[in-house]
There are 2 protein chains.
Amino acid sequence: MSKANGAHANGSASPSSVSTSSVSPSAALEALKSRLADIANLEQAASVLSWDQETQMPVGAAGARAEQLTTLAKLIHQHVTDAGLSELLNASKTPDGASGSSELSDDEALLEVTERLISSTCKLPDTFVETWTRAVNASHHAWIDARQNDDFAAFAPHLETMVDLSRRRADYLGYDDHPYDALHDLYERDSSTAILKTVFAQLRDDTKVLLSHIVSSATTASADLLHQPFTEESQETFALDMAARFGYDLNRGRLDRAVHPFATSFSNNDVRITTRYDPNFLGSALFGVLHESGHAMYEQGIADRLQRTPLAAGASLGIHESQSRLWENLVGRSKAFWEGAYGLLQETFPKQLADVSLDDFYQAINVVSPSLIRVEADEVTYNLHIMVRFELELELIEGKLAVKDLPEAWNAKYQDYLGITPPNNTRGCLQDIHWSAGSFGYFPTYSLGNLMSVQLFNAAKTAHPEIDDDIRNLRFERLLTWLRDNVHAHGSKYPPQELLERATGERLDAAPYVHYLNQKYADLYGFTPQI
Amino acid sequence: MSKANGAHANGSASPSSVSTSSVSPSAALEALKSRLADIANLEQAASVLSWDQETQMPVGAAGARAEQLTTLAKLIHQHVTDAGLSELLNASKTPDGASGSSELSDDEALLEVTERLISSTCKLPDTFVETWTRAVNASHHAWIDARQNDDFAAFAPHLETMVDLSRRRADYLGYDDHPYDALHDLYERDSSTAILKTVFAQLRDDTKVLLSHIVSSATTASADLLHQPFTEESQETFALDMAARFGYDLNRGRLDRAVHPFATSFSNNDVRITTRYDPNFLGSALFGVLHESGHAMYEQGIADRLQRTPLAAGASLGIHESQSRLWENLVGRSKAFWEGAYGLLQETFPKQLADVSLDDFYQAINVVSPSLIRVEADEVTYNLHIMVRFELELELIEGKLAVKDLPEAWNAKYQDYLGITPPNNTRGCLQDIHWSAGSFGYFPTYSLGNLMSVQLFNAAKTAHPEIDDDIRNLRFERLLTWLRDNVHAHGSKYPPQELLERATGERLDAAPYVHYLNQKYADLYGFTPQI
């Protein structure tokens with residue numbers, strides 16, 4: 001039988017002006033939530049289409065899919081910017097603007113986050129959004145070609161446009177201190193250029209010191225044993241088994257293949273991850289799946305009562321990354337974890353690993369080696385890749401660095417921070433998609449995620465000292481429950497820094513991460529930790 | 001990286017009243033098309049979500065998916081019933097109501113079909129649609145339980161409701177002669193109860209005669225050889241290879257597993273099919289895939305210029321079924337096809353088929369055997385299953401048959417037409433989903449499809465007598481091109497009967513199908529054809 005889409009439904013939540021003068025705040029709030037649910041459902045539908053595009057869609061369907069996504073994006077935009085939504089928002093506020101309690105209620109947080117959403121969307125004029133969308137599209141395609149042909153000059157005019165438009169974008173969005181604040185704020189609420197500069201300076205300098213110790217240590221570690229043939233099916237089975245043990249619920253999730261791995265969520269009951277397999281390298285899919293399962297468990301853990309509201313999302317990209325990095329690195333690359341899991345891995349790959357000791361395996365998955373490509377970087381050098389990008393994009397937005405001078409500046413920083421120079425721009429300043437998409441202010445969230453992962457992990461272990469033993473026994477409920485209660489369940493109710501402080505008692509700080517790295521890698525590379 | 005749905009777009013095609021007084025017909029038509037494109041994109045998005053639900057979605061996601069689909073259905077309903085759409089439709093009409101040409105232009109057909117769409121949607125009051133949707137939902141769940149427990153009494157009240165609501169639905173939709181006309185018209189434009197009665201009487205009576213010849217023939221055919229272990233992967237590979245040879249373009253399609261197989265389309269560049277595998281029976285997936293590929297090639301063949309309009313759909317369910325049945329039966333169960341394909345099948349399954357002759361295989365896939373289950377019926381008896389349902393649902397809608405008397409009436413007709421009586425209602429009147437969903441008027445389209453498949457196939461062979469040889473050589477371009485040109489490309493531009501007449505020069509007629517069956521099965525069962 002041929003399936004016609006004959007669903008019928010009706011209702012009156014169409015975007016349109018409403019008469020709110022005689023409506024009580026609670027009635028207005030209900031109406032507001034109904035509209036927000038429609039917006040959430042449209043966003044989830046668009047996410048399903050995007051997931052399908054990356055994992056299932058036949059190649060010939062690209063044009064039609066773009067049209068479908070454009071219509072959904074247009075409708076979402078219309079719903080968010082509809083005057084009726086603002087009116088309902090205002091009518092939902094109680095007269096004194098607070099519930100009387102000192103504790104932020106869900107509804108108060110909802111009004112706050114909704115106001116932020118409407119305001120940031122409405123601040124950008126339609127004509128600007130149109131120009132921006134067209135420019136991103138052109139720039140993205142130019143970047144793909146430029147990367148393929150190692151032709152920075154061909155991409156430079158597009159990057160100049162993206163920098164110019166990003167400055168205009170910042171002006172529209174508004175800022176107090178620095179235009180970069182407005183851009184970074186799109187990904188990390190309540191962060192700032194000033195905070196990043198301070199925290200990252202320490203991170204960068206301390207990491208450089210640590211790296212120099214590692215590079216000059218007598219220990220020579222090798223990841224060679226990870227580079228053997230590993231059948232893809234077994235890679236998948238093992239990685240997914242570990243993710244499921246962590247607590248990634250496969251009744252509400254699934255794993256597929258994608259060229260560029262990601263996690264995506266269509267409610268807390270449908271959170272999917274993707275990975276790619278290298279048949280000759282164990283690390284790619286294994287740690288990729290553990291990483292994405294961290295993102296996914298966050299989304300699966302957002303409280304039911306926040307679903308279909310703007311609060312049903314991660315608190316920020318930094319907090320999101322803290323969860324993926326916690327499970328990938330703090331658990332997944334720890335000695336304790338492999339004391340529990342290595343036997344199972346050896347059973348899965350006896351030919352490759354039966355004769356490899358746990359110590360050698362642990363060493364192999366933690367080799368530190370300055371390299372050119374961010375997404376392949378180890379724990380120690382990863383943040384240096386981010387520091388390069390943060391410092392350069394700040395200068396681009398400030399107008400202190402001209403686009404034409406970017407390759408030279410990039411290479412100089414790689415030489416300074418990592419001791420190596422890219423042989424070409426494809427492996428240099430053309431490697432990341434972010435700038436081509438105008439995503440200035442995004443890169444810092446990767447390092448924020450690293451820093452916060454250790455702060456949160458430490459707090460969980462302080463609350464439950466048994467967690468280290470749990471991990472050794474492949475039991476993760478206690479850790480996951482702590483994360484659920486202190487991070488996941490809240491969605492985006494609290495700004496990220498407040499969430500971090502509520503969970504850990506600390507503000508954002510590079511010291512715990514630097515300390516973690518020094519302890520771990522001094523042990524691995526046989527020197528006395530300095531910090 | 002975690003994937004946020006950050007697409008931006010904007011535009012002004014929001015449903016809302018428009019000032020059309022000063023707009024030229026051509027400008028109004030452009031605006032109308034833009035709105036229709038949004039509606040088409042929303043429908044395609046909903047279809048992607050439904051496909052995902054049936055093939056990929058984790059079990060825990062059902063609730064969230066229902067919410068997403070409800071929002072999309074609501075928005076589609078709002079867009080279709082929006083006053084602005086009607087205004088644009090009226091403003092698009094040229095003063096004299098015609099282009100001057102005697103040939104229907106695409107735009108004229110578009111206005112006609114759009115008017116039909118708006119009118120049938122607007123005729124149903126919102127309160128009725130709400131009641132209907134709730135009733136279908138309750139009835140569907142009651143039907144699942146009743147079928148599982150063989151408990152017709154538990155389902156009967158729901159079926160009574162669906163009959164009552166269907167009569168009301170017919171009243172809202174309007175009709176001249178018979179309330180069933182209004183319901184059937186939802187699936188088969190320009191057909192009628194009177195036409196069905198006439199055509200089906202001949203089909204039923206002639207089929208009964210043919211069946212009596214087959215049943216009393218000396219030839220005993222058996223399908224046993226199809227009931228052996230066949231690995232699912234090889235079943236899939238072979239079936240998909242045949243579908244691809246037919247012309248199902250896998251760059252614009254894909255095959256997945258589903259409990260209830262279907263074909264679905266998200267534009268002519270993304271048309272997907274599904275099947276289910278029985279590891280101990282070759283027929284299920286093989287002919288299922290050929291059937292669905294027929295639906296899919298139809299959708300893939302709709303002209304580009306009709307995409308994202310209401311014309312980018314099959315002309316009717318009957319015409320759609322004619323395409324699936326043509327490829328499944330007239331090609332897929334023909335001697336000519338297996339003269340070309342049987343060697344390949346033997347190579348795929350040497351253990352099972354190496355010693356089976358082509359004649360025995362051809363006999364096995366064409367065994368005629370009166371049975372209880374419609375979806376498992378052979379070519380000859382299939383229409384008798386439909387006649388039972390058509391005649392009974394007509395009586396239900398006319399009020400001549402009470403729901404409580406349905407099982408008895410069902411069993412009596414099975415005894416009369418097929419010579420067998422169901423042992424219980426699960427294998428009797430509870431077997432199909434259609435009535436539980438209120439889809440009265442749907443069943444006849446299956447038989448219309450069968451009849452028209454032969455009329456169209458004959459016309460194609462008259463135009464190209466080489467087609468029989470083509471099929472023997474596994475070459476299908478000539479047949480597919482004829483179907484493309486005469487059926488597929490037109491989408492729903494022409495009403496089905498007009499499309500049939502343009503393609504074949506004939507009106508709907510049971511005689512060619514009856515003749516086809518008699519020729520084929522007299523040969524198979526060793527008697528002289530009567531008709």
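Where is B:Leu474 placed in chain B? B:Leu474 lies in the loop between α18 (467–472) and α19 (477–486) of chain B; helices (H or I, at least four residues) and strands (E, at least two) are DSSP runs, numbered from the N terminus. The model is a predicted one, in which local features need pLDDT of at least 70 and side-chain atom pairs count only at pLDDT 80 or more, while totals for chains, interfaces and linings use all residues. Residues are numbered from 1 along each chain as its sequence is written, and chains are lettered from A and ligands numbered from 1 in the order in which they are written.

The phi angle of B:Leu474 is near 55°, a positive value in a residue other than glycine. With 16 other C-beta atoms within 10 Å, B:Leu474 is partly exposed. The cut-offs are these: a residue is buried if 20 or more other C-beta atoms lie within 10 Å of its own, exposed if 12 or fewer, and partly exposed in between, with C-beta atoms placed from the backbone. In chain A, A:Leu474 is found in the loop between α18 (467–472) and α19 (477–486). Its phi is near 55°, again positive in a residue other than glycine, and A:Leu474 is partly exposed, having 16 other C-beta atoms within 10 Å.

The next topic is where the chains touch. In chain B, 62 residues are in contact with 62 residues of chain A; two residues are in contact if their C-beta atoms, placed from the backbone, lie within 7 Å. On the chain B side, α1 (25–55), α2 (62–81), α5 (126–149), β1 (253–257) and β2 (263–265) each supply at least two residues. The most comes from α2(B), with 13 residues. By class, the side of chain B that touches chain A has 24 nonpolar, 26 polar and 12 charged residues. Here Ala, Val, Leu, Ile, Met, Phe, Trp, Tyr, Cys and Pro count as nonpolar, Asp, Glu, Lys and Arg as charged, and the others, Gly among them, as polar.

Helix packing within a chain comes next. Two packed helices are described by the angle between their axes and the distance between the axes. In chain A, the axes of α1 (residues 25–55) and α2 (residues 62–81) come within 10 Å and cross at roughly 160°. Axes are lines fitted to C-alpha atoms, for helices over the stretch in contact, and angles run from 0 to 180 degrees between N-to-C directions. α1(A) and α2(A) are therefore roughly antiparallel to each other, since angles under 35 degrees count as roughly parallel, over 145 as roughly antiparallel, 65 to 115 as roughly perpendicular and the rest as oblique. Among the residues making the contact are A:Ile39, A:Leu42 and A:Leu49 of α1(A), and A:Leu69, A:Leu72 and A:Ile76 of α2(A). The contact has 11 nonpolar, four polar and four charged residues.

In chain B, α15 (residues 379–398) and α16 (residues 406–418) pack at an angle of about 145°, with their axes 10 Å apart. The crossing of α15(B) and α16(B) is right-handed. Residues that meet include B:Leu384, B:Met387 and B:Val388 in α15(B) and B:Trp410, B:Tyr414 and B:Tyr417 in α16(B). This contact has 10 nonpolar, one polar and two charged residues.

The loop between α16 and α17 of chain B holds B:Phe440. B:Phe440 is buried, with 28 other C-beta atoms within 10 Å. Not counting residues up to four places away in sequence, B:Phe440 touches B:Ser166, B:Leu183, B:Glu393, B:Ile397 and B:Trp435. Its C-alpha atom is separated by 16 Å from that of B:Phe155, 285 residues apart along the chain. Helix α17 (residues 444–463) of chain B has 16 of its 20 residues buried.

Back in chain A, helix α5 (residues 126–149) has buried residues A:Val136, A:Ser139, A:Trp143 and A:Ala146. What covers the buried residues of α5(A) includes α6 (152–173) of chain A. Just after α5(A), A:Asp150 takes a positive phi of about 50°.

Definitions and conventions. Left-handed = near helix turned anticlockwise from the far one by under 90°.
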